[in-house]
Amino acid sequence: MKLSRSEVVHVANLARLDLSEVEVELFTEQLGLILEHATDIGALDLDGVEPTARPVPQENVMRQDEVRPGLDRRDVLSSAPAVESNRFLVPRIIGEEP
Amino acid sequence: MSRGLPLDAFTIASEVRSHERSARSVVEEVIESIERGDSEIRSFVSLMAESALKRAEVVDEIVANGCDPGRLAGVPVALKDNLCTKGAATTCSSRILEGWIPPYDATVVEKLRDAGAIVVGKTNMDEFAMGSSTETSFYGPTRNPHDTTKVPGGSSGGSAAAVAAGFVPLALGSDTGGSIRQPAALCGVVGMKPTYGRVSRYGLIAFASSLDQIGPFARSVAEAAALYEVISGHDERDSTSLLKSEQETTEEALTRGVAGLRVGVVTELLDAMAPQVVSRVREAADALGLSGADVEEVSIPELRYALSAYYLIAPAEASSNLARYDGVRYGLRVDADDVASMNAASRTAGFGPEVKRRIMLGTYALSAGYYDAYYGQAQKVRTLLIAAFDKVYERFDVLVGATSPETAFELGAKSSDPIAMYLSDVCTIPSNLAGHPAISVPFGSGEGGLPVGVQVLAPALHENEMFTVGAVIERAASDARNVGEAAT
């Protein structure tokens, strides 16, 4: 399974990673090799086999909807990169050029 | 080889409980030995000396008041640095979490405290637990205490090395594809992955949520079992925590013996492994036979597909889990003019090459047009693998094989070849995909006198059979060692 450079650039954008030219080159090769390794399972005929998302069967869990203390807001905000009056601060979103 | 306190957890706990030794003196000695001896091994990324001493004083006070601080009273424990500790840095050995202070404790940390144990520090790991050598850590590699030119394995290499070096009798790690068992094997200690859902993942920083499980490191099967008992149990804060998972005590299992147990030696967990690893596994199987187990070789061809399935499923889940590191709520932010550029700049600066590689792989495997061919297909292989295990467990109570294809390798040997590194997990991955428990027990040595681990696998919720077999293998290893020493 060969991967194209443009696919790698596209995926990097989806993953919000800025890759250097060298990294694009390297990942194009390495991801291709890893996907090549996966051709063994690609070749299996698994029509009709149910996919498994989690190893142990699960049932829904319900509890009373009662008020419980949450995390301390100051503790949570104290590790944020930027904060303004009890909120996480991010660069301007509204009013940006599209 | 021991650079620290060679006492086992039971001795420490019993001496602390009976006033023979203070928890404070244990902690002081441990901190001192780590500060003195860890500069070469680098198993710790941070020490928690102040909080550990404070906690030790509380334990001593409980004893002084005639009360019982718990079964692990005063026992120093090291935690892999992906387990949240309130008020103490938790980095996942990644730059992106540098300086982050968790606002809560992981459930396992609370359980350790309730049992009287004392967390003394956080151990090094592959960045976000992605790796098999502890070399992808932002803080640099940990070295194998048996030979410092070798890796300790990974991703929980710091925890394995800290126990092997004798700094602490117990440590916790996490195992997504072998990250407890493989470093345990390479460092010559016991490492165990419980059934998925046995141990709460609340406060374990997620890598691949359907595979991750916290488990113990120790220098004996009995200590690993005791630590496992302390940390397991239902937790309503983890929606995947098993409801009916009351673990019967492991004590009886450790001495039960293997008479009549049906043990399968798995061809696929021996094939293509280093010759001395194969020899040790066969010797361990022979020892089980001599102890009364019915030992037979068995082939599970589906295991050959586990590696490919894992390296699609785990990166896919990781790419989703690691989307939260966006420079907004915690960790590193690299400023840029708009939000999307800030997200990308922060992630680009904060993640190392292996993490980026897995995020890329996972994003690709989940992207439109490829989802069915890669992620979907891998999930179907998972079904196939579980069915194959179920069938084999009709004939066998437990399975044995190698933990790692080889003994500890040189630092840097696989750093530029991801597939070679991924192959380190070939024997351990199947248990994660199936959600089954497995343990690695040291059994003799291989090339260069480096430790070899024998792996015991069991069906879901059958930890006790696994401990029974592990304990017999451990005794056989110790008998063989004594015979060897008598001969020389």
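Helix 16 of chain B gives the largest share of the lining of the largest pocket, 7 residues. That pocket has a volume of about 620 Å³. The model is predicted.

**The largest pocket**

- In total, 28 residues line the largest pocket.
- Closest to its centre are Gly188(B), Pro442(B), Phe443(B), Gly444(B) and Arg481(B).
- Three elements of chain B give two or more residues to this lining: helix 9 (275–290), strand 10 (438–445) and helix 16 (463–487).
- By class, the lining of the largest pocket holds 13 nonpolar, 9 polar and 6 charged residues.

**The second largest pocket**

- The second largest pocket has a volume of about 400 Å³.
- Its lining has 21 residues.
- Nearest its centre lie Cys84(B), Trp100(B), Tyr104(B), Arg324(B) and Tyr330(B).
- This lining divides into 13 nonpolar, 2 polar and 6 charged residues.

**Cavities**

- The whole structure has 3 cavities of 30 Å³ or more.
- The largest cavity holds about 100 Å³ of space.
- Residues from chain A and chain B line the largest cavity, among them Ile34(A), His37(A), Tyr311(B) and Tyr422(B).
- Helix 2 (21–37) of chain A gives two or more residues to this lining, and so do helix 10 (306–321) and helix 14 (418–422) of chain B.
- Helix 10 of chain B provides the largest share, 4 residues.
- The lining of the largest cavity has 9 nonpolar residues, 2 polar residues and no charged residues.
- The second largest cavity holds about 50 Å³ of space.
- It is lined by 13 residues, and the closest to its centre are Ala129(B), Gly131(B), Ser179(B), Tyr310(B) and Asp425(B).
- The lining of the second largest cavity divides into 5 nonpolar, 6 polar and 2 charged residues.

**Where the chains meet**

- Chain A puts 52 residues into the contact, and chain B puts in 66 residues.
- About 5000 Å² of area is buried between chain A and chain B.
- Carbon and sulfur atoms give 68% of that area.
- Ile34(A), Ile41(A) and Pro55(A) supply 12% of the area that chain A buries against chain B, more than any other three residues.
- Ile34(A) also lines the largest cavity.

**The nonpolar core**

- In soluble globular proteins, nonpolar side chains tend to be buried together.
- Here the largest nonpolar core has 175 residues.
- Leu112(B), Phe128(B) and Leu399(B) have the most contacts inside this core.
- Leaving aside neighbours within four places in sequence, Phe128(B) is in contact with residues including Cys92(B), Ile96(B), Phe207(B), Leu322(B) and Val355(B).

- Asp105(B) sits in the loop between strand 2 (76–80) and helix 4 (107–114) of chain B.
- Asp105(B) counts as buried because its relative accessibility is 12%, and buried means under 20%.
- Beyond its neighbours within four places in sequence, Asp105(B) is in contact with Cys84(B), Thr85(B), Lys86(B), Glu110(B), Arg113(B) and Tyr202(B).
- Asp105(B) and Tyr202(B) are 97 residues apart along the chain, yet their C-alpha atoms are separated by 8.6 Å.
- Arg358(B) lies in helix 12 (residues 353–366) of chain B.
- Arg358(B) has 3% relative accessibility, so Arg358(B) counts as buried too.
- Not counting residues up to four places away in sequence, Arg358(B) touches Met130(B), Gly131(B), Phe207(B), Tyr311(B), Pro315(B) and Tyr422(B).
- Of these, Tyr311(B) and Tyr422(B) also line the largest cavity.

Note on methods: Residues numbered from 1 in each chain as written. Chains lettered and ligands numbered in written order. Predicted model: local features only at pLDDT ≥ 70, side-chain atom pairs only at ≥ 80, totals over all residues. Heavy atoms only, no water. 1 Å grid on protein atoms, 1.4 Å probe; cavity = no way out; pocket = protein on both sides within 12 Å on 5 of 7 lines; lining within 4 Å. Points joined across faces, edges and corners; volume = space filled by probe spheres on them. Nonpolar A, V, L, I, M, F, W, Y, C, P; charged D, E, K, R; others polar. Core = buried A, V, L, I, M, F, W, Y, C linked by side-chain atoms within 4.5 Å. Buried < 20%, exposed > 50% of the residue type's maximum accessible area, 1.4 Å probe, protein only. Contact = heavy atoms within 4.5 Å. Buried area = accessible area lost by both parts, 1.4 Å probe.
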